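I will jot down what I looked up, one topic at a time.

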Amino acid sequence: GTVDDARLVHPGFLTVGTSDPVYPPWMMNDSPESGEGFENALIYALAAEMGFAHDQVQWVRLTFDQIIAPGDKPFDFAINQVSVTPARAEVVSFSQVYYQSDKAVIALPGSPVIGATSFADLRQARWGAAIGTTDLIYLETVLGVGDVAVYDDQVGVFQAMQAGQIDATVAAVPTALFATAVQIPEASIVAILPPDAHDEGHGLLFQKDNPLVPWADAALSRRIERGT
């Protein structure tokens, strides 16, 4: 591929989708353009690898649901801690995985999940998660929780926890570290759970069968091989 490749959404630019807002440590200060953070720094490194200058990267802000939905996309690919799963791969395409995380249980002091020693113990608690996320899928399919409360986004989940409506939630460990340091400092990580066997890790998300996938994957491979 080249910078003026006709297969790009806007030839001459690399158009990248992400959510609004974005959160540390994935992206700092709700600013994808800054390049400060893990995912946006990765995008600028990949863009350079693909031949794009820093100012040739355009960001498109969408909801998580819009990013993972089937159909036409206003971006070349998106980055938003999107987990690669078989179900999603039926309606969108993915790059190779660029990050895999364990799940963290986040809870406030006094929550019944504190000190739990089994999945059976955890199932007794009231859980919440954001719609469309692998956190929700994890609670339903791996932990086997029957009645997870569902919210529009992670902020809604944390507000529900602070309001005493739920006892706990799960999130990727880096997300949980930021959440418990900044967003809900009164909460803490009370357990680490094994990854879901069906969640292969985070990948770049493309419109289904987008011909740009091999180009982006090759750039990602070169970065991984160099250890950067």
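**Entry 1: the whole chain**

I began with the surface: the protein chain has an accessible surface of about 10,100 Å², and 54% of that belongs to carbon and sulfur atoms. A reminder to myself: this is a predicted model.

Next I looked up the elements and found eight helices and ten strands in the protein chain. Along the principal axes, the C-alpha atoms fill a box of roughly 55 × 35 × 30 Å.

I also looked up burial, and 50% of the 228 residues count as buried. For contacts between residues at least 6 apart in sequence, I noted that 68% join residues at least 24 apart.

**Entry 2: a sheet of three strands**

In which order do the strands of the open sheet lie? I read it as β8-β5-β9, three strands with antiparallel pairing. The edge strands are β8 (168–172) and β9 (188–193), each of which pairs on one side only. From one strand to the next, the twist averages 35°.

I then went through the pairings of β5 (residues 103–107). With β9, β5 pairs in the antiparallel sense over five bridges. Ala-104 has Ile-192 as its bridge partner in β9, and Ala-107 stands opposite Ser-188 in that strand. Five bridges also join β5 to β8, and these two strands run antiparallel. There I found Ala-107 with Ala-168 as its bridge partner in β8, while Lys-103 stands opposite Ala-172.

Helix α5 (residues 134–142) lies across β5, β8 and β9, and runs at about 125° to β8. Helix α7 (residues 173–183) also packs on the sheet, where it touches β5, β8 and β9, and its direction makes about 125° with that of β8.

Helix α6 (residues 154–162) has Gly-156, Val-157, Phe-158, Ala-160 and Met-161 as its buried residues. I checked what covers them, and the cover includes β5, β6 (128–130), β7 (149–151), β8 and α7.

What caps the N-terminal end of α6? I found Asp-153 there, with a side-chain oxygen 3.3 Å from the backbone nitrogen of Val-155. After α6 comes Gly-164, whose phi is positive, near 80°.

**Entry 3: two residues I looked up one by one**

Asn-40 sits in helix α1 (residues 38–50). Is Asn-40 buried or exposed? Its relative accessibility is 0%, so Asn-40 counts as buried; the cut-off for that word is under 20%. Setting aside residues up to four places away in sequence, I listed what Asn-40 touches: Trp-26, Met-27, Ser-31, Pro-32, Ser-34, Gly-35 and Trp-59. The side chain of Asn-40 also reaches the backbone nitrogen of Gly-37, at 3.4 Å. For scale, I looked up Thr-180 too: Asn-40 and Thr-180 are 140 residues apart in sequence and 22 Å apart in space, C-alpha to C-alpha.

Asp-5 lies in the segment before β1 (14–19). With a relative accessible area of 11%, Asp-5 is buried. Leaving out neighbours within four places in sequence, I found Asp-5 in contact with Pro-11 and Trp-215.

Note on methods
Residues numbered from 1 in each chain as written. Predicted model: local features only at pLDDT ≥ 70, side-chain atom pairs only at ≥ 80, totals over all residues. Heavy atoms only, no water. Helix = DSSP H or I, 4+ residues; strand = E, 2+ residues; numbered from the N terminus. Buried < 20%, exposed > 50% of the residue type's maximum accessible area, 1.4 Å probe, protein only. Contact = heavy atoms within 4.5 Å. Pairing = 2+ DSSP bridges. Axes fitted to C-alpha atoms, helices over the stretch in contact; angles between N-to-C directions. Areas by Shrake-Rupley, 256 points an atom, 1.4 Å probe, with all protein chains shown as cover. Polar contact = N/O pair within 3.5 Å; in protein donor to acceptor, adjacent residues only side chain to side chain.
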